[in-house]
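Open the model in your viewer and get ready to select residues by number. We will go stop by stop.

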Amino acid sequence: MEATTSRSPITPLHSQIKNTNLNPFFTLKLLKRRRKIPLHARCSSSSSSSGKSNNQKTDAIELQKLIEDYPYEFNSKDSPSSLPRPLTSAQLSNLTSEGSRLRVAYQGVRGAYSESAAEKAYPNCEAVPCEQFDTAFEAVEKWLVDRAVLPIENSLGGSIHRNYDLLLRHRLHIVGEVKLAIRHCLLANHGVEVKDLNRVLSHPQALAQCENTLTKLGLVREAVDDTAGAAKHVAFHKLMDAGAVASMTAAKIYGLNILAQDIQDDSDNVTRFLMLDREPIIPGIDKPFKTSIVFSLDEGPGMLFKALAVFAMRNINLTKIESRPLQKQALPTPDDNAPGFPKYFPYLFYVDFEASMADERAQNALGHLKEFATFMRVLGSYPADNGLP
């Protein structure tokens, strides 16, 4: 059977939340003793008597609803898009010492690999699912959660370009990184065997990472928003002709059977996640640090070479370079040889290098880069994750 890719009829998560049958409600209150704003997202249904915890029934938060219900008034001096800050940075930094759990946003639903990454980055945290990457960024900015853990690159699929763009659009700081080994499983409802499957649902990258296995099985591939969401859809609709590519955790949560484990084409399948906060951490030199920056350059021969040379001449190792088109900017003058077409696209360059901003070499390198870069911003200087995923 020829494998094709199509869009799954999965109902968007925000539509599921608005479903009157679920009757969701959100409460937001200030606890004086703990100085924390807990965010509860609870759903009432006929299955509420099953004894499962509220956390297990939490769907992706709907950010706009939370903002509308937020009990604090805006400061008239603030911009319309800002949200009042009931806590100071000093108060927030004391939360851990007071014994409260950090609330960490991730993209997807329960059972997503991002949830596992959030729990690995912040053990014993309260992982908060968000519908989209944008929602997770905004949840941190608006003090609905304390941190966010979001994927930035995969060893097989490459960079997650959306999050590179959002790093520039928002003012969050990278405060750490965590690497997670990705082990895909083929999941289906109980009683369904591999020979019964006609199609398989998952995130596009997960489908691509399992291409050889899925091709051998002759399954039609259908792309959806995330792996755990695919597992949830297959279980909720009791599909008997469709499976999902997702994690073992998702299989346990949604009561699916694992037909095959480790079906990815390459066993060395690792995703790198960034830990994001409203405030940067103070960089040190007591352990390996990494620094992430973004900059732009004028067009001209050797300009990128000149930019990268500021690191080479100081013996600073680059671990990543990613170029992204500079959005919403006027294009340069057209090329005379190609009327109507721009001579070049303006680009932003994202670079990771192995050095702390507390290191004099890094300070001198960025000082040198500023001399000819048209724009530069430090996204974060943070401890490197050099351990096994």
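Select Thr227, Ala228, Gly229, Ala230, Ala231, Lys232, His233, Val234 and Ala235. These residues of helix 9 are buried. Keep in mind that the model is predicted.

Now widen the selection to residues 227-236. Buried here means under 20% relative accessible area.

Look along the helix for a moment. An α-helix has 3.6 residues a turn, so residues three or four places apart point the same way.

Next, step back to Asp226. Asp226 sits in the loop between strand 11 (220-223) and helix 9. Show its side chain, and show the backbone of Ala228 too. Which atoms meet at the start of helix 9? A side-chain oxygen of Asp226 comes to within 3.3 Å of the backbone nitrogen of Ala228.

Stay on Asp226. Is this residue buried or exposed? Asp226 is buried, yet it has no salt bridge. Select Lys232 as well. Lys232 is the nearest side chain of opposite charge, and it is 8.8 Å away. A salt bridge needs a side-chain nitrogen of Lys or Arg within 4 Å of a carboxyl oxygen of Asp or Glu.

Move to the other end of the helix. Select Lys238, which follows helix 9. Lys238 lies in the loop between helix 9 and strand 12 (242-246). Its phi is positive, about 50°, although Lys238 is not a glycine. With 61% relative accessibility, Lys238 counts as exposed.

Jump to Asn124. Where is it? Asn124 is in the loop between helix 4 (113-121) and strand 5 (126-130). Here, too, check the backbone. Asn124 has a positive phi of about 65°, and it is not a glycine. How does its accessibility class come out? Asn124 counts as exposed, because its relative accessibility is 63%.

Last stop: the surface. Select Glu211, Asp265, Asp266 and Asp268. What do they form? Together they gather in a patch of negative charge on the surface.

Zoom in on one of them, Asp265. Asp265 is found in the loop between strand 13 (257-261) and strand 14 (270-277). Its relative accessibility is 35%, so Asp265 counts as partly exposed.

Methods:
Residues numbered from 1 in each chain as written. Predicted model: local features only at pLDDT ≥ 70, side-chain atom pairs only at ≥ 80, totals over all residues. Heavy atoms only, no water. Patch = residues over 30% accessible without salt bridge, like charges linked within 9 Å, V, L, I, M, F, W, Y side chains within 5 Å. Areas by Shrake-Rupley, 256 points an atom, 1.4 Å probe, with all protein chains shown as cover. Lys, Arg positive; Asp, Glu negative; His and termini not counted. Charge placed at Lys NZ, Arg CZ, Asp CG, Glu CD. Helix = DSSP H or I, 4+ residues; strand = E, 2+ residues; numbered from the N terminus. Buried < 20%, exposed > 50% of the residue type's maximum accessible area, 1.4 Å probe, protein only. Polar contact = N/O pair within 3.5 Å; in protein donor to acceptor, adjacent residues only side chain to side chain.
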